[in-house]
Amino acid sequence: MGTIKCIGILTSGGDAPGMNAAIRAVTRSAIYNGLKVKGIYRGYKGLITGEIKEFKTENVSNIIQLGGTILKTARCQEFKTPEGRQIAYDTMKKEGIDALIVIGGDGSLTGARLLAQEFDVPCIGLPGTIDNDLYGTDTTIGYDTALNTILDAVDKIRDTATSHERLFFVEVMGRDAGFLALNGAIAAGAEAAIIPEFNTEVDQLEEFINNGFRKSKSSSIVLVAESEITGGAMHYAERVKNEYPQYDVRVTILGHLQRGGRPTAHDRIIASRMGVASIQALMEGQRNVMIGIEHDEIVYVPFTKAIKNDKPIDRELVNVLNELSI
Ligand code: ADP
Ligand code: F6P
């Protein structure tokens, strides 16, 4: 690939609040630096069907405050095949797109890594997912907004949990990562979090009950990370009904409302910083890296590292939750 004159931008996988702020930042920064920008619709699907449109600065006006993604998003099975990626590459060539900016989660960045590898296309990733499960960045675009949404919901559930003296299991998203559940629990003042990362270590329900549930409280809220590994909130509610029938249990599954809403200031700021950094990275000759933020500084994380699926849970957070839930 020679000099980069035109970049393509797409959002892929689960949408996340702040994706629009990132689209705006990438578009404006690219134009500021003399590059042409093409918006690709519906993630990798748009690269296969050719749903692509040139973006000028006004195409990204009045979007910084919006949740979702104006480029739409999709899960594209065809792109997972070498044949699908060949079509995507051919479309890029036809459209004159020299480099790709992909905003999405680990699946989307896996796709970008393969495209880059197979066709020598410069690709830069932005971590766009509420799950916060990408390695090498302290936070991802959408995570803070989702945490705040969880907080609002749990504050409301607490009113009824307290009044009825009930035990509530609140299921939150995260795919197989427990960041939303753990930090959501700390922020909401919940009694415990059940997360996939610790599932093989201990029986988290037993631990919660043995740690003195009902010693000083007549109601409790436990955040459960949705996951095949934990089995989700329903699984724990069933267990309590069978093993501790003295407790009055209820379940709330927060579901997709966690993915919507206006992005918080934090998400808008990191999306803007990461968007500008992605263009900077391309101009510096960086290839096949995800833009991350660590200790409040922009970092370049090789795709292979970012998507290796083992971003660790900070034990200090677990201690904080345990100590404060007595
Ligand atoms: P996320 O990016 O939020 O993790 P997904 O895992 O659903 O979401 O991935 C989004 C899209 O990225 C997929 O629909 C597919 O088009 C692409 N993708 C995911 N995994 C791969 C893979 N192993 N190879 C190629 N493309 C992939
Ligand atoms: O990756 C984001 C996420 O919201 C996960 O937390 C969740 O497991 C998944 O996407 C839900 O996907 P879908 O939109 O296909 O229901």
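This is a predicted model: local features need pLDDT of at least 70, side-chain atom pairs count only at pLDDT 80 or more; totals for chains, interfaces and linings use all residues.
A polar backbone atom of C76 is 2.7 Å from a ligand 1 oxygen atom, and an N or O atom in the side chain of S108 is 2.5 Å from an oxygen atom of ligand 1. On its own, ligand 1 has 550 Å² of accessible area, of which the protein covers 85% (Shrake-Rupley method, 1.4 Å probe).

## Ligand 1: shell

Ligand 1 is surrounded by 17 residues (a heavy atom within 4 Å), and the closest are R75, C76, D106, G107 and S108. Helix α4, residues 106-119, gives the most to this shell, with six residues (helices are DSSP runs of H or I, at least four residues, numbered from the N terminus).

## Ligand 2

The residues surrounding ligand 2 are R75, D131, M173, G174, R175, E226, H256 and R259.

## Basis of the values

Residues are numbered from 1 along each chain as its sequence is written, with chains lettered from A and ligands numbered from 1 in the order in which they are written. Local features need pLDDT of at least 70 and side-chain atom pairs count only at pLDDT 80 or more, whereas totals for chains, interfaces and linings use all residues; side-chain values use heavy atoms, leaving out hydrogens and water.

Key: A polar contact is a pair of N or O atoms within 3.5 Å; within protein, one must be able to donate a hydrogen and the other to accept it, and residues adjacent in sequence count only if both atoms are side-chain atoms. Helices (H or I, at least four residues) and strands (E, at least two) are DSSP runs, numbered from the N terminus.
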